[in-house]
Amino acid sequence: SNRILRNLSLHDLKLSAGTITGGMKFIDKYLDPLYEGILDFLRGEDFLHADETSWRVFDQGKAQHWFWVFGNQHAAGYILDPSRSQKVPANFLAGSTLTLLTDRYSAYKALTGAIRKAYCWVHIRRDFLKIYKGIKKLRPWAKKWLERFGLLFSLNHKRTALLRENKTSGTDWDEAQKAVEDAVEIVRLNSQRQLQNGKLHAQQKKVLKSLKRHWDGLTVFLSEPRIPMDNNHAERLLRSIVVSRKSSYGSQASWAGKLAAKVFTIFQTWLLNGIDPQKLLLDYFNQCAAARVTGKDPPDKKEFLPWTMSEERKQLFSLPKNINKPA
């Protein structure tokens with residue numbers, strides 16, 4: 001808000017911080033239908049990424065909060081909560097049936113019900129990379145593992161390219177699928193064989209046991225090619241949160257943090273669908289204002305959610321061609 005006030009002052013518009021704060025509180029409630037509509041949509045999806053990052057809220061005794069993100073190619077939902085425990089994803093996903101791709105954080109592992117857990121191979125690779133960089137005598141061993149992972153990622157990339165082109169049948173697909181399966185089997189056999197070696201370094205044993213322990217979740221992508229091998233999408237969806245945290249340090253008040261969650265959710269979802277958030281938000285507020293003046297019903301949220309918007313409205317509020325979608 002301080003940045004907004006400074007920017008407006010450059011245009012000779014003098015406003016107090018209280019005016020901006022009062023305006024933010026006023027519009028907060030109008031964003032609820034869009035925010036809840038996006039979260040409800042995500043709960044009904046069959047595949048999501050998830051991740052979390054820290055955020056400060058300074059009007060509460062415990063300043064440390066967490067921004068959680070749940071998203072895919074169609075939408076992104078952000079939840080601000082003082083807890084980093086399993087209860088946050090459990091409450092959000094209660095009643096959902098889906099595959100959830102995450103890192104190996106315990107809060108995701110503890111989820112029960114109809115949640116199929118998939119894990120990120122990049123985090124597994126990172127374990128071996130740390131050994132390569134940190135333990136000189138184990139560098140040749142770690143290098144071989146990094147080469148195995150590199151081959152696996154490369155082969156899956158080729159398979160994913162065929163999937164994007166809808167070429168999921170025929171010789172090319174069969175060969176690509178078998179190549180990925182063979183590369184995964186090489187990883188499994190080598191890890192199994194090496195774990196039987198009683199002379200392993202403690203760090204070798206640690207990373208190989210982690211690979212074995214998470215194997216079921218790591219191999220979900222084999223039978224479901226649409227599931228990525230990595231959780232990069234969620235981490236990219238958190239990038240704007242991290243940048244904001246570094247420049248603002250967080251939220252002064254808890255209500256402002258919750259408002260931030262709504263704005264991030266609405267803006268990122270619109271951007272993911274190629275919609276200009278400033279243009280569409282202005283249209284939404286104009287309709288809210290008209291309804292307030294005339295006493296008519298508030299705007300229909302279906303006109304502002306990408307999966308229920310008409311193609312005409314999507315075109316009308318589309319992003320400029322030089323702007324890339326996030327994540």
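This is a predicted model: local features need pLDDT of at least 70, side-chain atom pairs count only at pLDDT 80 or more; totals for chains, interfaces and linings use all residues.
Residues are numbered from 1 along each chain as its sequence is written, and side-chain values use heavy atoms, with hydrogens and water left out.

The chain has a secondary structure of 16 helices and five strands, where helices (H or I, at least four residues) and strands (E, at least two) are DSSP runs numbered from the N terminus. Its C-alpha trace spans about 75 × 50 × 40 Å along the principal axes. Of the 327 residues, 45% count as buried; buried means under 20% relative accessible area, exposed means over 50%, and partly exposed lies in between, with a 1.4 Å probe and protein chains only. Among contacts (heavy atoms within 4.5 Å) between residues at least 6 apart in sequence, 64% join residues at least 24 apart.

In soluble globular proteins, nonpolar side chains tend to be buried together. A nonpolar core is here a set of buried Ala, Val, Leu, Ile, Met, Phe, Trp, Tyr and Cys residues joined through side-chain atoms within 4.5 Å. The largest such core has 51 residues, and those with the most contacts inside it are Phe67, Tyr78, Leu93 and Leu100. Helix H14 (residues 254-272) contributes the largest share of this core, seven residues. Apart from this core lies another, of 32 residues, among them Phe149, Val184, Leu200 and Val207.

The pockets come next. Rolling a probe the size of a water molecule over the atoms shows where empty space is left. On a 1 Å grid over the protein atoms alone, a pocket is an open set of points where a 1.4 Å probe fits, with protein on both sides within 12 Å along at least five of seven lines, and lining residues have an atom within 4 Å of a point. Grid points are joined across faces, edges and corners, and a volume is the space filled by probe spheres set on the points.

The largest pocket holds about 1,500 Å³ of space and is lined by 35 residues, of which Ser1, Ile4, Met24, Ala260 and Val263 lie nearest its centre. At least two lining residues each come from helix H1 (2-9), helix H2 (17-28), helix H13 (239-248), H14 and helix H15 (277-294), and H14 gives the most, with nine residues. By class, this lining has 20 nonpolar, 13 polar and two charged residues, where Ala, Val, Leu, Ile, Met, Phe, Trp, Tyr, Cys and Pro count as nonpolar, Asp, Glu, Lys and Arg as charged, and the others, Gly among them, as polar. Ser1 itself is placed in the segment before H1 and is exposed, with a relative accessible area of 60%.

The second largest pocket has a volume of about 670 Å³, and of the 23 residues that line it, the closest to its centre are Gln73, Thr160, Arg226, Ile227 and Pro228. Strand E1 (47-56), helix H7 (139-164) and helix H12 (232-237) each supply at least two residues of its lining, with the largest share, six residues, coming from H7. The lining of the second largest pocket comprises eight nonpolar, nine polar and six charged residues.

Some single residues complete the picture. Gln177 belongs to helix H8 (residues 171-195) and counts as buried because its relative accessibility is 14%. The side chain of Gln177 makes a polar contact with the side chain of Arg159 (2.8 Å); such a contact is a pair of N or O atoms within 3.5 Å, and within protein one must be able to donate a hydrogen and the other to accept it, while residues adjacent in sequence count only if both atoms are side-chain atoms.

Most residues other than glycine have a negative phi. Asn166, in the loop between H7 and H8, has a positive phi near 60° and counts as exposed at 69% relative accessibility. Tyr249, in the loop between H13 and H14, likewise has a positive phi, near 70°, and is exposed, with a relative accessible area of 59%.
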